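Trainee: I am new to this structure and would like a close look at one part of it. Please take me through the charged side chains that pair with one another, and then through what surrounds them.

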Amino acid sequence: MFDKVKKNGTDLLGKTNRIVEGTSIIGDIVSKADFRLDGELIGNFTSQGKLVIGASGVVKGEIICNNADIEGEFQGKIKVLEILNIKASAQIHGEVAVGKLSIEPGADFTATCTMLTNNKEVTLKDGKGTE
């Protein structure tokens, strides 16, 4: 009556993984689905979905994703193929490459910024983000 059907990666889009406040991860995260990070990540993050770094979130490393909202702290390189929203409480330090950029007044944005002209979706290949 209730058959369980295994979902492929595209069915996961719109679902959200979550790392809560007080959790620290040292290493790389690869996700096909959306992701919310309220804890700390020291390493790299690659996703075909959207990354949200909450107000208590801290990321030190490299990020590659399609969309991102940042309220917390980021240090390193970030490549967002579509829209990067930087909230007033955010602290961004490093290199930024984006399709479109939105920065609220009050944000600490100390970074070099490159606007991407040929937007392509992030694809995952052997656990690495490629275009």
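Mentor: The side chains of K50 and D69 meet in a salt bridge, with 3.1 Å from N to O; the term denotes a side-chain nitrogen of Lys or Arg within 4 Å of a carboxyl oxygen of Asp or Glu. This pair links distant parts of the chain, since K50 belongs to strand 7 (residues 50-53) and D69 to strand 9 (residues 67-70), 19 residues apart. K50 counts as partly exposed at 32% relative accessibility, whereas D69, at 12%, counts as buried. Salt bridges that share partners also join R18, R36 and D38 into one network.

Before going on, please note that this is a predicted model, in which local features need pLDDT of at least 70 and side-chain atom pairs count only at pLDDT 80 or more, while totals for chains, interfaces and linings use all residues. Residues are numbered from 1 along each chain as its sequence is written, and side-chain values use heavy atoms, with hydrogens and water left out. Strands (E, at least two residues) and helices (H or I, at least four) are DSSP runs, numbered from the N terminus. Buried means under 20% relative accessible area, exposed over 50%, and partly exposed in between, with a 1.4 Å probe and protein chains only.

D38 forms a salt bridge with R18, where the closest N and O atoms are 3.1 Å apart. This pair too links distant parts of the chain: D38 sits in the loop between strand 4 (34-37) and strand 5 (40-42), R18 in strand 1 (residues 16-19), and 20 residues separate them. D38 is buried, with a relative accessible area of 7%, while R18 is exposed at 54%. D38 also forms a salt bridge with R36, the closest N and O atoms here being 3.0 Å apart. R36 counts as partly exposed, at 24% relative accessibility. A search of the whole structure finds 3 salt bridges.

What does S56 contact, leaving aside its neighbours within four places in sequence? S56 is in contact with E21, D38 and G39, where contact means heavy atoms within 4.5 Å. S56 counts as partly exposed, at 32% relative accessibility. S56 and S89 are 33 residues apart in sequence, yet 9.8 Å apart in space, C-alpha to C-alpha.

The surroundings of the first pair lead to the interior. A nonpolar core is a set of buried Ala, Val, Leu, Ile, Met, Phe, Trp, Tyr and Cys residues joined through side-chain atoms within 4.5 Å. The largest such core has 22 residues, and those with the most contacts inside it are L51, I63, I70, I78 and L84. Strands 7 and 9 are among the elements that give two or more residues to this core, as are strand 4, strand 8 (58-65), strand 10 (73-86) and strand 11 (91-103). Strand 10 gives the most, with 5 residues. In soluble globular proteins, nonpolar side chains tend to be buried together. Not counting residues up to four places away in sequence, L84 touches A68, I70, I78, V96, V98, K100, L101 and S102.

L101 lies in strand 11 and is partly exposed, with a relative accessible area of 31%. With I103 and M115, L101 forms a nonpolar surface patch of about 230 Å² of accessible area together. Patches are made of residues with over 30% relative accessible area and no salt bridge, with nonpolar side chains (Val, Leu, Ile, Met, Phe, Trp, Tyr) joined within 5 Å and like charges within 9 Å. Accessible areas come from the Shrake-Rupley method with a 1.4 Å probe; for residues, only the protein chains shown count as cover.

L101 is also touched by C113, along with V96 and V98, again not counting residues up to four places away in sequence. C113 lies in strand 12 (residues 108-115) and is partly exposed at 35% relative accessible area, whereas C65 is buried at 0%.
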